[in-house]
Amino acid sequence: MSTLPLTSSQTVGPFFGPALLREDAERHVLVQPETWGERIRIEGRVLDGDGLVVPDAMVEIWQANAHGRYNHPADQGAAALDETFLGSGRSGTDEEGNYWFETIKPGRVPFDRERLQAPHICVTVFSRGLLNHLATRMYFEDESTNAEDPILQYVPEERRSTLLARRDEREGKTIYRFDIIMQGTGETVFFNL
Amino acid sequence: MKNITIGDIVRGDQEIFPPYLYEAYQSTRRRAPMIPLINVPLTLSELTGPGPAISAITPEDADLTRNAGPGGEAIGQRIIVTGRVLDDLGNPVPNTLLEVWQANAAGRYLHKRDQWPGPLDPNFLGMGRCLTNEEGVYRFLTIRPGAYPWKNHPNAWRPSHIHFSVFGPAMVSRLVTQMYFPDDPLHALDPIMNAVPTENARKRLIAAYDHAVTEPEWALGYRWDIVVRGAYATPFELKEGGR
């Protein structure tokens with residue numbers, strides 16, 4: 001089917017910050033005042049195989065809007081588009097390995113003609129020492145539809161908790177904590193994408 | 001950790017993509033996942049992806065020789081780097097964001113963690129970006145980066161390279177990689193480049209000198225095409241009943 005071989009991947013290295021995290025390229029805040037949906041803050045740390053924080057990683061997210069529609073031409077679904085919501089974010093990690101986003105909880109998007117997926121956010125991780133990026137998904141621990149999510153069914157039950165963000169509240173804001181463990185005990189589930 | 005062997009965990013095509021763990025590149029040892037990646041069907045979530053979300057891209061962003069500010073020009077061999085972004089069916093990928101970064105002509109990055117005694121160039125930031133045009137063509141004007149020393153192993157030097165970040169049409173297309181220059185004796189010594197498993201795949205990371213791109217009395221030309229995964233399936237082609 002393919003006619004051209006793919007270009008290989010190489011690490012983002014240690015010095016991407018000035019280019020990829022410049023003021024108008026990093027995007028922590030995905031929402032505008034008019035954006036539909038429940039405001040949430042996502043925060044977490046990136047950790048390595050020694051349990052040490054990773055201060056030189058970049059986390060990107062991609063998500064549907066509150067109605068379950070992606071702002072992308074390939075999504076021709078019936079759910080309403082929200083012109084104020086692009087759905088993509090990018091955060092570096094700080095010296096303590098922390099990343100964060102302010103966004104909305106996504107709606108459910110289709111899996112196939114019959115089934116919906118549970119609300120989730122696609123998460124991609126880049127860093128020095130990663131020759132390929134890592135792809136995972138953040139789900140919501142307090143979401144009842146997780147039990148019927150078709151993608152979670154592919155994940156061994158004992159590892160599913162690594163994909164569930166933990167709900168918290170702080171100063172009236174809803175926080176979802178999602179740590180990304182690159183290696184070792186509690187290693188986050190990564191997908192072959 | 002048990003029986004760690006190089007090449008155990010690979011993303012996608014094993015002929016093309018490096019393993020996550022490649023011991024010669026030391027930083028992989030504590031950052032590579034140890035549990036195999038999970039294969040899942042592609043869904044709407046992976047067959048869509050960020051668009052060219054940075055709105056204010058200007059032509060000046062693609063000129064790394066002058067984008068450090070008014071007046072000055074970066075020192076070094078001026079080069080044009082151009083090529084096409086294609087999907088693996090050969091279709092051009094139009095209007096997609098490319099971000100690049102590189103060391104200066106002396107091999108020094110403008111970054112607080114880069115402290116080796118190579119000189120900084122006040123007229124070189126080492127970063128640029130552009131969108132591909134309708135034919136998938138990108139073009140940067142820059143200077144040829146120098147080789148760069150690092151602490152991976154004794155007397156380690158990275159070959160001259162330019163980092164590229166590419167989005168492409170969907171999440172499955174996302175690619176961060178590095179472009180190298182032809183005939184560099186450091187290629188054979190570089191664990192990052194040699195983590196790519198096959199010679200053919202390594203060769204495709206090396207730009208070609210192209211005299212047709214070279215401009216007289218101005219700049220040398222290099223051509224480098226980037227091939228990303230296409231978003232083949234549409235939601236309507238997803239199998240009924242999924243798995």
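Read along the sequence, chain B follows the pattern α-β-β-β-β-β-β-β-β-α-α-β-β-β, with three helices and 11 strands in the chain. Helices (H or I, at least four residues) and strands (E, at least two) are DSSP runs, numbered from the N terminus. The model is predicted: local features need pLDDT of at least 70, side-chain atom pairs count only at pLDDT 80 or more, and totals for chains, interfaces and linings use all residues. Residues are numbered from 1 along each chain as its sequence is written, while chains are lettered from A and ligands numbered from 1 in the order in which they are written.

The C-alpha trace of chain B spans about 60 × 45 × 30 Å along its principal axes. Of the 243 residues in chain B, 43% are buried. A residue is buried if 20 or more other C-beta atoms lie within 10 Å of its own, exposed if 12 or fewer, and partly exposed in between, with C-beta atoms placed from the backbone. Among contacts in chain B with a separation of 6 or more, 67% join residues 24 or more positions apart; two residues are in contact if their C-beta atoms, placed from the backbone, lie within 7 Å.

Strand β2 (residues 97-102) of chain B has six of its six residues buried, so it is largely enclosed by the rest of the structure. L97(B), E99(B) and W101(B) point one way from β2(B), and L98(B), V100(B) and Q102(B) point the other way. Two strands pair if DSSP finds at least two bridges between them. Strand β3 (residues 127-131) of chain B runs antiparallel to β2(B) and is joined to it by five bridges, with R129(B) opposite E99(B). Strand β7 (residues 161-166) of chain B also pairs with β2(B) in the antiparallel sense, over five bridges; there V166(B) is the bridge partner of L98(B).

Domain assignment, automatic or from a database, divides chain B into domain 1 (1-34) and domain 2 (56-230). Nine residues of domain 1 of chain B are in contact with eight residues of domain 2 of chain B. The domain 1 side comprises six nonpolar, two polar and one charged residues, where Ala, Val, Leu, Ile, Met, Phe, Trp, Tyr, Cys and Pro count as nonpolar, Asp, Glu, Lys and Arg as charged, and the others, Gly among them, as polar.

Between the chains, 63 residues of chain A are in contact with 74 residues of chain B. On the chain A side, α1 (17-20) and β5 (120-127) are the elements that give two or more residues. That side divides into 32 nonpolar, 21 polar and 10 charged residues.

The largest nonpolar core has 109 residues, and those with the most contacts inside it include V46(A), V125(A), V100(B) and V166(B). Such a core is a set of buried Ala, Val, Leu, Ile, Met, Phe, Trp, Tyr and Cys residues joined through C-beta atoms within 7 Å.

Positive phi values occur at N155(B), near 55°, and at D183(B), about 60°.
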